[in-house]
Amino acid sequence: MHHANHYYGHSAVMARYCGLPESPDPPRIRGYLQHGWNIGDGMAPDHEFTPGVPSFVWSERTRRRAWSMGRRPVYVTGAPWAYLVEITPAPDAVREGTIWYPFHGWEGQHVQGDHDRLIAEIRDTEPGPVTVCLYWQEYRTAGVRRRYERAGFRVICHGYRGGWWRDLDPGFLDRQLAEQRRHRRVASNRLCSAIFYGILAGCEPAVYGDPMRLRDERDLFGGRPRIRRQWAGLHGAEVDPGAARAAAVDELGADRLLSPAELRLLFRWTAEGREAAA
Amino acid sequence: MTALLLGGEMPHWSDGEPAGGPVLRRLAASARGHTLIVGPHEPELIDAVPARQITVLVRGVPDAETLATRYAGRPGVEVCCGSLAKLAAVPAYDTVIALDGLDRAGSTETEDLTWAAGLALLLAVLRPGGRLLLGCANPAGLHRLYAAAAEPGDADWAAPAGDDPTRPVGLDDLRERLRAAGLTPERGYAAHPSPRNPAVLVTDAALADPELAGLLTSALRRAGRPSGPLLADPRPLAPALLRHRLASALAPAWFVAATRPGHPPTPLPDVLLAPAADNPKPAPSATSDDPKPTSSSTPDNPKPTSFATADNPKPAPSATPDEPGTPSARAGHEPGTPSALWRTARGWLPDGADEPLPTGRCLHDVLLSAARRGNLPEMRALLTAWQSGDAAGVDADAILVTGDGGLYPLAAPAGPDAALSRFAGALHDENLADRWPAGLPAAMTGRDPDPVPRPAPETFRELSAAHDRLARELSEARAQIEWYEQSAATMRADLSRAHRVIAVLRATTPGRAATAVLGGVRGGKRLARTVLTRLRSTA
């Protein structure tokens with residue numbers, strides 16, 4: 001029911017896991033599905049709430065936090081990514097190099113930072129070939145894209161996440177998972193969804209380099225300093241993979257995945273629910 | 001000063017209802033050396049800690065910022081913010097205060113902290129020879145047993161305390177856990193009526209002593225109700241709780257002071273009672289025959305017991321505890337200081353007093369017992385003795401009836417009419433109104449009844465009782481209306497019959513003659529009136 005439920009093809013992944021027939025129209029989830037990792041209630045800061053409409057969050061920690069902020073009802077479903085990893089068989093291919101996600105702004109936001117310095121840091125740190133994955137805004141900005149290409153990096157974009165039910169891309173996460181499973185490492189200059197995704201996809205994580213900043217960025221819920229302190233173990237060029245995996249499982253709720261039947265009930269994807277929605 | 005963020009802090013969170021109040025402040029005031037205060041505590045409690053070096057740990061960032069601002073000018077106070085689990089496990093503190101308990105020491109960011117794990121974390125930072133002041137709410141306390149249904153609040157993100165199998169199940173168990181951890185429990189208290197701001201702290205020894213039962217009944221009756229919506233007012237249960245030895249098992253919370261070997265003895269009293277800070281001062285003219293109540297006190301807005309009056313058991317009716325020369329002032333009490341009671345070889349000695357408290361029963365309960373038995377002569381004798389004596393203005397639940405029948409006041413007078421009216425209200429609350437109508441106690445003492453409007457009940461049981469009473473009164477009123485209607489119908493029938501008899505009588509010869517005479521008289525009257533009117537108009 002919220003357009004953000006369909007970002008990155010999240011609703012499509014959940015529908016596939018639940019055994020819903022493929023459809024060009026994304027299935028309507030009765031509630032708000034968390035679409036990115038954050039340290040607040042799981043939802044985007046500009047998210048409007050209607051009382052009584054459930055939130056579906058990724059982790060137990062996010063549920064506790066959302067509850068303390070008065071968000072009810074709130075259910076832990078786990079991240080769509082965790083379901084995708086679960087249902088997509090891993091290829092036998094040998095992993096190589098690093099997939100690197102420079103911090104990006106979202107629609108209408110602008111990142112301020114020194115890309116050249118970041119490129120130098122990546123070169124100094126990464127032992128193998130580097131694939132830089134840009135957000136679609138930066139990917140379309142020729143200046144930014146060429147800088148990374150000139151550095152000898154392979155530059156890719158997973159696609160456009162979609163918005164307001166237009167230009168939806170049900171294959172977004174599939175492409176991201178396929179790319180991540182080709183790489184041995186996943187890195188970024190900020191701890192973000194892509195790092196947790198990469199860890200769950202089997203990559204060794206690293207978070208280093210100038211974190212850059214958004215114009216007029218506000219540190220909500222303790223912001224960057226809190227992320228640095230609370231997940232200190234995930235920061236650095238070399239990170240303990242065991243601790244990283246435990247953190248990713250926690251944050252993506254990979255140990256709390258629901259069964260298709262349970263999800264269908266919560267999302268009102270049962271026959272009864274669809275009739276009620278109609 | 002800025003708060004030190006330890007990790008696990010909650011940027012958006014502020015804890016309501018911090019632990020505090022005068023009796024907990026009194027415990028906190030016994031702290032010595034470098035003191036750690038864990039969990040939300042009211043600032044006045046932190047102020048009461050006499051230590052030079054104090055570290056306060058709270059989980060909500062707004063709370064930490066408020067404390068940091070408050071203590072910005074006080075060197076030696078450090079404010080930390082985060083989860084207890086993030087506190088460095090270094091034995092750095094001489095005193096650890098966690099009077100709010102361990103339930104609010106964790107955060108959304110860390111795993112639920114079991115009670116045992118929380119205690120281990122507190123003990124890990126306590127120095128050898130250190131002292132722990134710990135509170136522990138009782139999930140089976142009266143405040144919970146009598147709690148009305150409530151939606152889970154924002155603070156209920158974790159499993160409820162009652163689900164924690166590591167939690168102590170009683171005061172004995174709590175002491176045993178501390179002993180097992182190498183500490184020596186100095187004092188263990190049962191706390192009533194609210195776990196975070198209790199008005200009564202009492203040790204097992206005090207609870208078990210029948211000589212103190214009257215005073216403790218008075219204290220529990222006057223301690224107020226637990227906060228929040230309740231199914232029933234627990235105060236009428238006070239004497240039964242004491243008699244059945246349940247006042248500790250069903251206490252809303254327990255508090256302990258425990259020390260590591262090597263700690264110098266720090267004596268604490270057996271009983272601590274919140275001061276009668278909200279005691280209204282009676283009007284200067286308040287005497288036993290003052291017709292106007294001088295107190296706004298009602299059974300739902302009670303006053304804590306204050307005693308320490310042993311050197312003069314019968315204060316003048318107009319005296320208040322804060323006035324110079326009154327017994328409590330002579331006993332060295334500052335306003336707002338809780339009353340303390342110590343067990344001595346001579347008996348129970350209030351703080352600063354020379355003589356122990358007398359033993360006796362609480363007058364309120366003696367009166368109620370007589371009322372329940374319907375013993376009117378005994379009631380009259382008790383009421384008359386109370387209302388004709390110096391304690392006339394003191395509430396019945398703040399008076400001890402000693403073995404020789406004397407009355408020993410435990411609180412300052414509120415005014416005779418107010419005290420009597422409050423007792424009449426209690427008769428009503430205890431469902432004795434049928435046998436003891438509201439004005440009867442006043443009438444029994446030779447006074448004109450001055451009925452005070454009853455406040456609307458706030459608890460479900462009392463509301464249900466009021467509903468049942470009103471339903472009965474309505475049913476009775478309907479029966480009375482029916483009876484009056486039947487009476488009116490009978491009288492109407494009699495009247496109709498009388499009219500018919502008159503009509504029949506008129507038809508007889510003597511009747512007609514009488515009617516003609518009456519008609520002639522009426523005609524003469526009319527003629528005379530007409531003549532007079534004409535004469536007046538021509539004159």
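## Folds and contacts in a predicted model

In chain B, 71% of the contacts with a separation of 6 or more join residues 24 or more positions apart; a contact means C-beta atoms, placed from the backbone, within 7 Å. Chain B holds 16 helices and 15 strands. These are DSSP runs numbered from the N terminus: helices are H or I, at least four residues, and strands are E, at least two. Of its 539 residues, 45% count as buried, with 20 or more other C-beta atoms within 10 Å of their own.

This is a predicted model: local features need pLDDT of at least 70, side-chain atom pairs count only at pLDDT 80 or more, and totals for chains, interfaces and linings use all residues. Residues are numbered from 1 along each chain as its sequence is written, while chains are lettered from A and ligands numbered from 1 in the order written.

Chain A has two domains, listed here. Their bounds come from an automatic or database domain assignment.

The domain centres, taken over C-alpha atoms, lie 23 Å apart.

Now two helices of chain A. H4 (residues 115-125) and H6 (residues 142-150) pack at about 25 degrees, with axes 10 Å apart. Axes are lines fitted to C-alpha atoms over the stretch in contact, and angles run from 0 to 180 degrees between N-to-C directions. So H4(A) is roughly parallel to H6(A), a term for angles under 35 degrees. A:His115, A:Asp116 and A:Ile119 of H4(A) meet A:Val144, A:Arg147 and A:Tyr148 of H6(A).

Notes:
A residue is buried if 20 or more other C-beta atoms lie within 10 Å of its own, exposed if 12 or fewer, and partly exposed in between; C-beta atoms are placed from the backbone. Two residues are in contact if their C-beta atoms, placed from the backbone, lie within 7 Å. Angles under 35 degrees count as roughly parallel, over 145 as roughly antiparallel, 65 to 115 as roughly perpendicular and the rest as oblique.
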